[in-house]
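Hi everyone. I'll take a few minutes to walk you through one protein model, from the whole chain down to single residues. Please have the viewer open.

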Amino acid sequence: MRKSSLRMAVLVAAMIVMLVLPRAGGTLVTNAQEPALDKELNVYNWADYIDEDVLKEYEATYHVKINYDNFASNEELLTKLQAGASGYDVIFPSDYMVAQMIDLKLLAKIDKKALPNLANIDPYNLNPWYDPDNQYCVPYMWGVTGIGYLASLEKAPTGWGALFDPEQARYYSEHGGINILDDEREVFSALLKYLGYSVNDTDPKHLAQARDTIVKVLPLFHSFNSTDYQTTLLIPKEVSISHAWIGDVMKANMSTATKDNPNGDWKFIVPKEGAIRFQDNMCITATSKRLATAEHFINFLMDAKNAARISNTTGYPSANKAAREFIKPEILNVIPPAEVLEKLEWIRPLDDDTSKLYDQTWTEIRATQ
Ligand code: N2P
């Protein structure tokens, strides 16, 4: 009797396991991977910061049309969002801009349960100062802002003086041309570092000094370009040195590498006075009505192979640890050693008054050229 009721209990339990668990499991999996998706998604990213084929694959697989736009700087992104009704769902702000946007309530919190690929992100990039616990954003790619230059130049740059000291800048202007990133905080950061200050200096006198410094060399610049300047780097005699984000120089290198010249034509330096480190992120706007689709898309970009394709195409180091085995070694090697990284500064949000002064001074500088 006892044996047969035990058998019966085991049988009933097995039936429950067979009937209920797969359903529960199935439902869970469906929720995590296949939510009901919207027909469109509006994505706003930095220029040259994606693999177009990854986007096309997402559209073809999930029948979601990606409306994809580019911005040139964090400030342009912020202005667009603050103007209201931008319609963007997924955006890619940098570190300090995430902090500002959280403060301004421009971001939606992410639902980590909808992002199983979050497990692929390197703990080194998670939990950053600007978004503790990653409540709002997921790290995308990261790197350093410094100087890219043609390896064939006789005089190799060592510091920001190559761009801002009139004598040095004249040499580069006469030997190919100088490009400066069309990016307010990046330009002030470079100038402030050159003058020996922090990239987050708030002293109006130092800002005026930065303005006077750049105004003197403005006639020597070929361009202010932060969107397609790495293409310019490939045009002979157009530009021979550029204020640059590391991945864009890597990309120029990959495009010029040949069997006889495996490292390509370009080099990148962290200027001797110090430089900037950044980490860009995937976030959802507070106004997005397509949260589930936005999360589904972000999760797709965090797939190890997709993240690797993006890194391999753009030349930027990925925050995705699982992607590493698929990333070209030259991109993995571009990351400076820990002792260099430690000395770099993060750009931080500014108080309102300083921010206004920065904007005003930047407008003056850009109007001068
Ligand atoms: C890529 C832009 C990189 C953004 N072209 C640096 N924060």
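Predicted model: local features only at pLDDT ≥ 70, side-chain atom pairs only at ≥ 80, totals over all residues.

The protein chain has 369 residues, and 51% of them count as buried. Along its principal axes, the C-alpha trace spans about 100 × 55 × 40 Å. The secondary structure comes to 15 helices and 10 strands.

Now look at contacts along the chain. Take pairs of residues at least 6 apart in sequence that touch. Of those contacts, 74% join residues at least 24 apart.

Next, the domains. The domain assignment gives domain 1, residues 25–142 + 278–333, and domain 2, residues 143–277 + 337–368. Each domain is listed as two stretches of sequence. The centres of domain 1 and domain 2, taken over C-alpha atoms, are separated by 26 Å. At their contact, domain 1 supplies 26 residues and domain 2 supplies 25 residues.

On to the inside. Which residues touch the most other members of the largest nonpolar core? They are F164 and I214, in a core of 107 residues. Strand β4, residues 137–150, gives the most to this core, with 8 residues. The core also draws at least three residues from each of domain 1 and domain 2.

Let's stay with I214. Leaving out residues up to four places away in sequence, I214 touches F164, V187, L191, F221, F224 and I365. Keep V187 and L191 in mind, please.

Here is the helix pair. How do we describe two packed helices? We give the angle between their axes and the distance between the axes. Helix α7 covers residues 184–194, and helix α8 covers residues 204–217. Their axes come within 9 Å and cross at roughly 100 degrees. That makes α7 roughly perpendicular to α8, because angles of 65 to 115 degrees count that way.

Who meets whom? On the α7 side we have V187, F188, L191, L192 and Y194. On the α8 side we have H206, L207, A210, T213 and I214. By class, this contact has 8 nonpolar, 2 polar and no charged residues.

Is α7 enclosed or open? 10 of its 11 residues are buried, so α7 is largely enclosed by the rest of the structure. The buried ones include charged residues: E184, R185, E186 and K193 are among them. After α7 comes G196, whose phi is positive, near 90 degrees.

Now Y194, which is also in α7. Leaving out residues up to four places away in sequence, Y194 touches W160, G161, F164, D165, T213 and E273. Y194 and E273 are 79 residues apart along the chain, yet their C-alpha atoms are separated by 6.1 Å.

Last stop: two loop residues. D48 is in the loop between β1 (40–46) and α2 (52–62). D48 is not a glycine, but its phi is positive, about 50 degrees. With a relative accessible area of 31%, D48 is partly exposed.

D133 is in the loop between α4 (95–103) and β4. Its phi is near 70 degrees, again a positive value in a residue other than glycine. D133 is partly exposed, with a relative accessible area of 45%.

Conventions. Residues numbered from 1 in each chain as written. Heavy atoms only, no water. Axes fitted to C-alpha atoms, helices over the stretch in contact; angles between N-to-C directions. Helix = DSSP H or I, 4+ residues; strand = E, 2+ residues; numbered from the N terminus. Parallel < 35°, antiparallel > 145°, perpendicular 65-115°, else oblique. Contact = heavy atoms within 4.5 Å. Core = buried A, V, L, I, M, F, W, Y, C linked by side-chain atoms within 4.5 Å. Buried < 20%, exposed > 50% of the residue type's maximum accessible area, 1.4 Å probe, protein only. Domains from an automatic or database assignment.
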